[in-house]
Amino acid sequence: MKKVFLFIASAAVLAACGGPLSPQDKLTVNDKKINAIIAQMTLEEKVNMLHSKTNMSSAGVERLGIADMNYADGPFGIREEGVPNGFQSAGWTLDSATYFPTGSALAATWSEELAYKYGSGMGKEARLRGKDVILGPAVNIQRLPVGGRTYEYLSEDPILSAALALEYTKGCQDEGTAVCIKHFAVNNQETNRGSVDAQLDERTLREIYLKPFERAIVEGGAMSVMPAYNKVNGDYCSENEHLLNEILRGEWGFKGFTVSDWGGTHSTMGAMLHGLNVQMTGSNYLGQPVIDSIATGALTEDLVDEKVRQILRVRYAIEPVPADVANTVMTSQPECQDIALQVAQKSIVLLKNEGILPVSKDVKKIAVIGQNAVLKTQSGGMGAGVKALYEVTPLQGIQKRAAEAGVEICYAPGYKNFPGRRWGPAPAKANPLEASAIDEPADPALLAEAVALAKEADLVIFFGGTNKSIETEGSDRKDIKLPCGQEELVQALYAANANLATVLISGGPTDLQVLEPASPAIVQGWWNGTEGGTALAQVLFGDIAPSGKLPFTFPKQLEDSPAFAMGNFPDKNAGGDLFSLLYRPDVLKMSREERQKLIDAMPKPVSKYTERFYVGYRWFDTKNVEPMYAFGHGLSYVNFAYGEAKAVASKDAVKVTFTLKNEGGMPADEVVQLYVSRPEAKVEWPVKELKAFQRVSLAAGETKTVTLTVPVKDLRYWNETVNAWDLEHGKLQILVGSASDDIRVKTDVTI
């Protein structure tokens with residue numbers, strides 16, 4: 001810790017001498033003014049800033065001209081306005097926002113440039129709504145294929161996640177909106193998320209689970225942080241001394257404020273002493289009990305002053321939007337809709353293609369089969385959604401593009417849709433296209449209708465996958481199997497017409513063991529935002545070449561993935577979800593004591609991360625387990641030729657240079673990936689790890705020289721003996737390719 005504080009002190013001296021301020025130290029430039037404001041505040045006014053005012057705000061001090069802090073739920077679109085003390089719609093007309101592709105889709109672009117644009121689009125629309133802080137980006141590592149928030153998070157890899165989190169943060173804050181990066185930390189499951197204790201070693205914590213937060217905070221200057229619901233190594237994240245005080249504020253020099261997840265505060269003393277600034281929602285911990293604790297001497301007013309100072313730093317950095325300016329124009333703006341389109345275009349992953357795609361000019365009739373071609377994905381399930389101004393469905397996108405080409409489109413639902421848990425009143429009339437169970441077999445009548453259309457078509461496009469009730473906040477999937485008889489349907493379609501392409505619409509991976517042999521072409525289409533159908537049609541018809549890459553591994557079967565293989569998941573005693581419990585209508589009517597009894601009765605399981613840093617592809621590669629589709633995989637309509645790689649090491653970085661040629665007849669992007677292997681290492685390492693990547697655009701026949709840079713600091717490991725970062729010197733094997741299992745060129749370098 002002495003080294004850390006010496007570093008911070010040195011930075012302060014440098015700033016005082018006119019040197020450049022770090023992204024976090026920029027928050028301190030108003031401290032003198034802030035201290036003068038704090039001196040004028042009463043204790044009650046200070047404490048009033050430490051908890052919610054409404055469901056989506058915390059208080060300022062009107063008497064002193066300090067505006068409230070207004071939060072926007074996200075992170076893939078500014079949520080519609082809700083009633084002051086709940087999540088129900090307020091019924092406004094100008095709060096329809098742009099629905100951006102969800103987190104896993106953004107990650108599939110592997111594009112730092114698009115992540116910046118994405119953040120800037122979110123920041124712009126938040127300002128139009130008068131919001132100061134976006135509750136996002138969500139950057140936790142995708143540890144479980146079944147994870148309920150896999151669609152919201154970015155990747156199974158910390159280097160990819162960190163790069164995108166950094167640019168999202170910079171883009172958003174450059175537009176004058178603060179990010180609240182979440183969920184800090186090790187929030188990798190929805191099962192028992194409000195009470196589970198994630199137990200892991202320090203090396204795994206540092207190298208895998210903290211990396212995305214670290215870059216967004218240290219390099220991006222993220223202004224606020226949301227501690228996760230869960231515990232880490234015994235302590236709730238909202239009162240975790242190691243995470244919030246030692247690492248976040250101590251080592252990383254964080255100068256902003258922390259805000260609990262909704263219902264994620266657990267005590268007065270724990271939260272006050274161990275790093276929380278704002279309780280959301282309610283004041284039962286960081287309200288009157290704080291004042292009472294000061295009166296008894298258990299807490300000091302100086303501690304309250306410091307927490308208020310950290311909040312005011314962000315308040316002074318983010319200009320409040322006047323009430324008569326906010327919400328005067330439609331939230332969704334054309335420039336942001338265009339960003340959503342760009343992300344969707346670059347995210348689509350071509351998993352397999354036996355010459356079926358792009359759609360041939362000989363095709364005159366296409367049968368589009370599957371409800372996922374028509375179901376909208378802007379909302380559903382539990383958690384953040386978007387009241388989108390519009391959403392182009394896959395079928396709409398295909399119909400519009402087909403009309404331009406003179407191609408006839410016919411559609412059949414093919415299978416029933418599983419609606420999941422009902423969050424509102426049950427419909428007055430049953431929907432014949434809804435299944436009563438997720439594993440309900442294929443409906444014979446729907447199957448027969450779909451097969452009849454398939455026989456008459458030149459091409460069949462089957463839309464399968466999940467929906468936002470199956471993959472949802474608050475619960476994890478029981479498995480990754482395709483629901484509602486989709487496997488039976490696709491086999492029947494393939495038997496009727498072998499000219500078949502499958503498009504998967506989902507946020508996370510699905511089990512493709514049955515579908516893959518019956519699909520000559522497979523496309524991963526994601527929950528791709530307001531222009532998702534437009535982008536998909538452009539790829540299917542060959543207007544643009546597919547260029548997305550998988551941000552996580554598709555296992556052949558769930559049991560192949562590390563947490564399942566090690567027996568670390570699922571929990572044996574799954575209970576209810578804390579968030580949904582706290583905000584149930586019947587629970588809201590209870591006394592505080594009654595609600596607390598419900599919380600205390602929840603299971604408190606331990607989740608052991610004994611797979612350690614062997615997460616995702618690190619596990620599959622090291623254990624020689626063949627996946628269905630590997631991390632980083634994604635085909636194109638062209639071939640790319642990689643030239644010989646040359647590597648040069650300095651004390652600060654390893655630079656690798658090679659040529660890349662587009663050997664096809666159309667413009668295309670390739671995402672080049674650099675992995676590092678350590679054949680002579682004494683320290684334990686995965687067989688290879690991603691350390692750099694770049695999206696490269698090439699015209700038909702064009703060759704470019706590509707240089708990838710790996711900072712030496714990214715080659716370090718956390719040495720648990722000395723409790724610090726350390727570098728193992730020696731030989732590195734540099735592996736450059738198109739996917740983690742598609743290495744094209746190799747070279748060696750010594751560090």
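Student: How many cavities of 30 Å³ or more does a search of the whole structure find?
Tutor: Nine. Keep in mind that this is a predicted model.

Student: What volume does the largest cavity have?
Tutor: About 160 Å³.

Student: What span should H6 have, and how far apart are its ends?
Tutor: H6 covers residues 158–174, and at 1.5 Å a residue it should span 24 Å. The end C-alpha atoms are 24 Å apart, which agrees.

Student: What caps the N-terminal end of H6?
Tutor: Aspartate 157, through a side-chain oxygen 2.9 Å from the backbone nitrogen of isoleucine 159. After H6 comes glycine 176, with a positive phi near 90°.

Student: Now the open sheet of seven strands. What is the order?
Tutor: E1-E2-E3-E4-E5-E7-E10, with mixed pairing.

Student: Which strands stand at the edges?
Tutor: E1 (52–54) and E10 (257–258). Each has a single partner strand, so one side of each is left without a neighbour in the sheet.

Student: In which sense do E7 and E10 pair, parallel or antiparallel?
Tutor: Parallel, over two bridges, with E7 being residues 224–227. Serine 224 has phenylalanine 257 as its bridge partner in E10.

Notes:
Residues numbered from 1 in each chain as written. Predicted model: local features only at pLDDT ≥ 70, side-chain atom pairs only at ≥ 80, totals over all residues. Heavy atoms only, no water. Helix = DSSP H or I, 4+ residues; strand = E, 2+ residues; numbered from the N terminus. Expected span 1.5 Å × (residues − 1). Polar contact = N/O pair within 3.5 Å; in protein donor to acceptor, adjacent residues only side chain to side chain. 1 Å grid on protein atoms, 1.4 Å probe; cavity = no way out; pocket = protein on both sides within 12 Å on 5 of 7 lines; lining within 4 Å. Points joined across faces, edges and corners; volume = space filled by probe spheres on them. Pairing = 2+ DSSP bridges.
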